[in-house]
Amino acid sequence: MSIKSKLHEIKESFRGKKMAPAFNAFHTFLFTPNDVTVSGTHVKVADDLKRTMNTVIMSLVPCLIFGIFNAGYQHNIAIDASNGILTQVSLFGNFLTFDNLMIGSMKVLPLVIVSYGVGLIVEFIFAVIKGHEVEEGYLVTGMLVPLIVPVDLPLWMLAVSVVFGVVIGKEVFGGTGMNILNPALTIRAFLFFAYPTWMSGDKVWVYDAVNRSGTPEAISGETILGSYAQNQEIVYSLSDMFFGFIPGSIGETSKILIIFGALFLIFSKIGSWRIILSTLLGALFMGLIFNGVIEAGIITESSKFYGLMSVPYWEHLFIGSILFGAVFMATDPVTAAQTNKGKWIYGFLIGFISIMIRVFNPAYPEGVFLAILLMNVFAPTIDHFVVQSNVKMRLKRLKIKPA
Amino acid sequence: MSQDIVVKKGLDLQLVGNASPEIYTPKSSDYISIFPSDFHGVFPKLVVKENDIVKAGETLFFDKNSEKIKFVSPVSGIIHEILRGDRRAVLEIKIKADKEISYKKIEKINLVDSSNTINFLLENGLWTFVKQRPYDIIADPNSIPKDIFISGFDSSPLSADYDFITKDEKENIKAAIKCLTQLTNGSVHISIRKESNSFLRELKNVVIHNVSGPHPAGNLSTIINKISPINKGDTVWTLNLPDLSIIGNAILNGKFVAERTIALVGSSVLDPKYIKTIIGSDISSFLKLKHDNSRIISGNVLTGTKLDSKGNLRYYSNEITAIPEGDDYDLFGWAKPIFNKFSLSRALTFSWLFPDKKYDLNTNTNGEHRAFVVTGSFEEVFPLDIYPMQILKACMYEDLDEMEALGMYEVSPDDFALTEFICVSKQPHQNIIRKGLDLMKKEIG
C-alpha cells in the first residue's frame with residue numbers, strides 16, 4: 001500500500017476528532033489535499049496560502065545563510081581585533097569559511113529551531129482547541145524572528161517572547177488573517193522592552209562577546225547605528241555596509257541579498273511593490289529634510305542629533321534594518337493597508353517615521369520596527385479614508401440623480 | 001446608436017474543449033425536469049400534482065411571494081414525480097414527455113401598452129427570463145425599470161457563442177426586443193462584442209454597446225457600472241440574448257417553445273459541439289464523456305451548477321461543461337513548480353510564460369480554505385468601481401450600512417466568480433455575496 005493511501009486512511013480515521021487539525025497540518029504539508037470544489041467556481045488557481053508563504057520563506061533563505069556566515073565572521077574578526085590584528089574582508093578568504101559556518105550554525109540554527117518549535121506548538125494548541133486547521137501565517141513569522149534578533153540572544157528569552165508574540169499578537173485576535181500587529185515585530189518589541197540590555201549595546205551583536213566581557217579576552221562589535229548615535233567614527237566602508245560584513249541583527253546586514261529578496265517577491269507578485277517603494281521614498285524624504293536642517297545650520301555639531309542627522313539621505317537605506325523592514329515586515333498583507341492607494345500612504349509614513357525615530361531617539365536608534373508597529377495600528381484608518389472616497393462618490397451620484 | 005466600452009481589468013481563462021461550430025439535434029429526452037432552485041428567492045406553490053397531464057406552456061407553479069409570476073412546463077406530458085426535500089420544499093418536478101409536443105395556444109394580444117405586455121409575459125411563463133438589479137433575482141413586475149440591459153454575448157470560459165446560437169432567431173429576437181422597449185422610459189441597452197457582425201446592429205430604438213476586453217466584459221454589471229451605475233432606489237431589468245428567442249417565439253407564433261441551442265464543452269467531453277435541445281432535458285441523452293470521473297456542470301466552470309451523471313440541463317444554462325474531477329492528493333503540491341495549472345502569481349507557477357496556452361483544469365481546490373490574507377490581487381480581475389475585498393468582508397460580518405455604502409445594489413454573485421477563482425484563501429465569494437444580497441432584500445426590501 002502506498003504512503004498516499006495509508007495517510008488517506010489515517011485522515012479518515014481522524015475525521016471529526018479533536019486532534020484532526022494536528023494530523024492534517026502534517027498531512028497537508030506532504031500532500032495538497034484531495035478536496036474538490038463544491039459550489040461556486042468549479043476550478044481554482046494553483047496557488048494556496050502555503051505556496052504564498054513558502055515564496056516569502058524562499059526569499060529569506062539567502063539572508064539566513066549569509067547571517068550564519070556573518071555570525072562566525074564577526075566573532076573571528078572581533079577576536080583578531082582584540083589581539084590587535086586588523087583584517088580586511090575577503091569573500092572566499094575569510095568569510096565563506098568552514099569555521100565561520102560551524103560557529104554561525106551553532107549559534108543561529110538553535111534560534112531558528114526554537115522560534116519555529118515554540119511558535120508552531122502554540123499554533124497547534126490553538127488550532128486543536130478552536131477546531132480550525134493550522135494556518136500558515138507562522139511559517140513566515142518563525143523565519144523572520146531569528147533574522148531580526150542579535151546573535152547572542154539567550155534561547156529562553158526567544159522562547160518566552162515567541163509565546164507572548166503569538167498569543168497576544170495574533171491568537172487573541174482570532175489567528176492568521178485577523179491580527180492587527182505584525183507578530184514578528186510584536187516578538188521583537190517584547191524582547192526590546194523586556195530585556196533591553198540584550199537588544200542593544202556593543203556586546204550582543206557578536207557571538208560570545210557577552211560571556212567574555214570583563215575578562216582579558218573581551219571582544220565587542222558596535223552596530224553602525226550605535227556608533228552614529230554616540231557620534232563616534234564609523235569604521236565600516238560603504239561597501240561593507242552594502243554587502244553586509246558588519247555587526248547587526250542576524251539577517252538584516254546584507255543589503256544586496258535583501259534587494260534580491262525584494263526583487264523575487266515583487267516578481268512573483270507576492271510582495272507589494274507599492275509598499276516597498278513608498279517606504280523607501282518616505283525614508284529618503286525624511287533624510288532629505290534632516291540634511292536640509294543641517295545645511296541651514298539650525299543643528300550644529302554640538303547637538304547630540306548631529307551624527308545621524310548629517311548622514312547623507314540615501315545612506316540611511318544602507319544603515320540598520322530599514323531595508324529589511326520595508327521588504328519583509330511592512331509588506332505583511334494582513335497588517336498593512338489593504339487598498340492600493342492606502343498602501344502608498346502606509347509605506348510612505350513608515351519610511352518617514354522610521355528615520356525620524358532613528359534620528360531623535362539616540363537611546364535606541366533603530367526606529368523601523370516601532371514605525372511599522374505604529375502604522376499597523378493606523379492601517380485600518382488609512383483604508384477607511386480611502387474607501388470613504390469611493391462611498392462618497394456613490395452618495396454624490398445619488399444626489400445629482402434627477403428626481 | 002452605438003457606443004464603445006473598453007474593459008481593462010479581468011481575465012480570460014483559456015480552457016481545453018471549445019465546441020466546434022456544428023449543431024446536432026439528438027433524440028429528444030424521455031423525461032424533463034424543472035428545478036425551482038434555479039429561480040433564486042422563488043417560493044414555489046404548485047398547481048399540478050403527480051399524474052396530471054400538461055401541455056407545453058401550461059403553468060406548473062407560481063411564486064408564493066409574487067403570485068403573478070408563473071412557471072410553465074417546457075414540454076407536454078404527464079407529471080411523473082414531484083421530489084420534495086426538507087420542510088416539503090419542492091426540489092424537482094419531473095415530467096414524462098410526449099413524443100410529439102402539443103402546445104398551449106397563447107392568445108395573441110396587442111402589445112402596445114406596458115401593463116398589457118407585462119401581463120402577457122407573466123401569464124405565459126416568460127417573465128422568468130426578466131431579472132432585476134439590485135439583488136439579481138426575477139424582476140418585480142410592479143417595479144419601474146430605469147433601463148433594460150440585454151447581454152448579447154457571454155465572455156465566461158468556454159461559453160456558448162451567442163451570435164452562433166441565435167443566428168436563426170433573428171425575427172423572434174427582434175420581436176422580443178420591440179416588446180421590451182415599451183417596458184421602460186429609459187433605454188434598452190444591448191452589449192455586443194466589438195468584432196461581432198451580429199444582426200443586433202440593425203436594430204433601431206436601442207443603444208448598442210461595443211464591448212472589448214477580457215471576462216467579465218460580458219457580465220451586465222460591468223456594462224451597467226460603466227454607463228449608468230445603479231443607485232439606491234433604482235431598478236434595472238436584465239435579460240439574456242438566447243432567452244429572447246423564446247419570448248419572441250411566443251409573441252410571433254403563440255407557442256412556448258423551450259428550445260435552446262447549447263454548447264457541450266470541456267476537456268472531458270468526447271465530442272465538443274452544439275446541440276439543439278429543450279430546457280430541462282436529461283443530459284445522459286446527449287452527453288458522451290471521455291472518462292467517468294468527471295464533473296458535469298450546467299453552465300460554465302465559474303458560475304455553473306454541479307450535476308450528477310443523470311442530471312438535467314438547468315433553466316438558464318446555455319452550455320454543459322464537463323471537466324475532470326480532481327479528487328486526488330498531490331505530493332508537495334504547494335511547493336513544487338507548476339506548469340499545467342493556471343495562476344495569476346509567479347510564485348513558482350509558470351502560467352505567465354504561456355499566455356496563449358489552453359489549460360485542462362480539474363476541480364481540485366489546490367489548497368485548503370483559509371482566512372483572507374493576500375490583498376491587492378482581486379482588484380486586478382475586478383472591473384467594477386467597487387472595493388471587492390471590503391464588500392466581501394462587509395457581507396461576512398453582515399453590516400447592512402456598509403454593504404449599501406460600498407455598492408451592494410450594483411453587484412450580482414457572478415461578478416465575484418473571477419475573484420473567487422483566484423482567491424488564495426479559497427473563500428466562497430459568490431456564496432458570500434448571495435447571502436449578503438438575501439440579507440439586504442430581507443432587511444431593506
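These legends describe close-up views of a predicted model of a complex with chains A and B.

Local features need pLDDT of at least 70, side-chain atom pairs count only at pLDDT 80 or more, and totals for chains, interfaces and linings use all residues. Residues are numbered from 1 along each chain as its sequence is written, and chains are lettered from A and ligands numbered from 1 in the order in which they are written.

**View 1. Confidence of the model.** The predictor gives the complex an ipTM of 0.91 and a pTM of 0.92. Chain B has an average pLDDT of 93. pLDDT is the predictor's confidence in each residue, from 0 to 100. In chain B, 100% of the residues score at least 70.

**View 2. Chain B meets chain A.** Contact joins 60 residues of chain B to 48 residues of chain A (C-beta atoms, placed from the backbone, within 7 Å). Elements giving two or more residues to this side of chain B include strand 18 (294–298), helix 6 (388–396) and helix 9 (429–443). Helices (H or I, at least four residues) and strands (E, at least two) are DSSP runs, numbered from the N terminus. Helix 8 of chain B gives the most, with four residues. By class, this side has 27 nonpolar, 20 polar and 13 charged residues. Ala, Val, Leu, Ile, Met, Phe, Trp, Tyr, Cys and Pro count as nonpolar, Asp, Glu, Lys and Arg as charged, and the others, Gly among them, as polar.

**View 3. Strands paired between the chains.** Strand 1 (residues 31–32) of chain A and strand 21 of chain B run antiparallel, joined by two bridges. Strands pair if DSSP finds at least two bridges between them. A:Thr32 has B:Asp330 as its bridge partner.

**View 4. Two helices in chain A.** Helix 3 (residues 49–82) and helix 12 (residues 255–267) of chain A pack at about 170 degrees, their axes 9 Å apart. Axes are lines fitted to C-alpha atoms, for helices over the stretch in contact, and angles run from 0 to 180 degrees between N-to-C directions. Helix 3 of chain A is therefore roughly antiparallel to helix 12 of chain A (an angle over 145 degrees). Their contact has ten nonpolar, two polar and no charged residues.

**View 5. An open sheet in chain B.** Seven strands follow the order 1-14-13-12-15-10-11, with mixed pairing. Strand 1 (2–6) and strand 11 (137–138) of chain B stand at the edges, each with a single partner strand, so one side of each lacks a neighbour in the sheet. Helix 5 (residues 241–253) of chain B lies across strand 12 and strand 15 of chain B.

Note on methods
Contact = placed C-beta atoms within 7 Å. Parallel < 35°, antiparallel > 145°, perpendicular 65-115°, else oblique.
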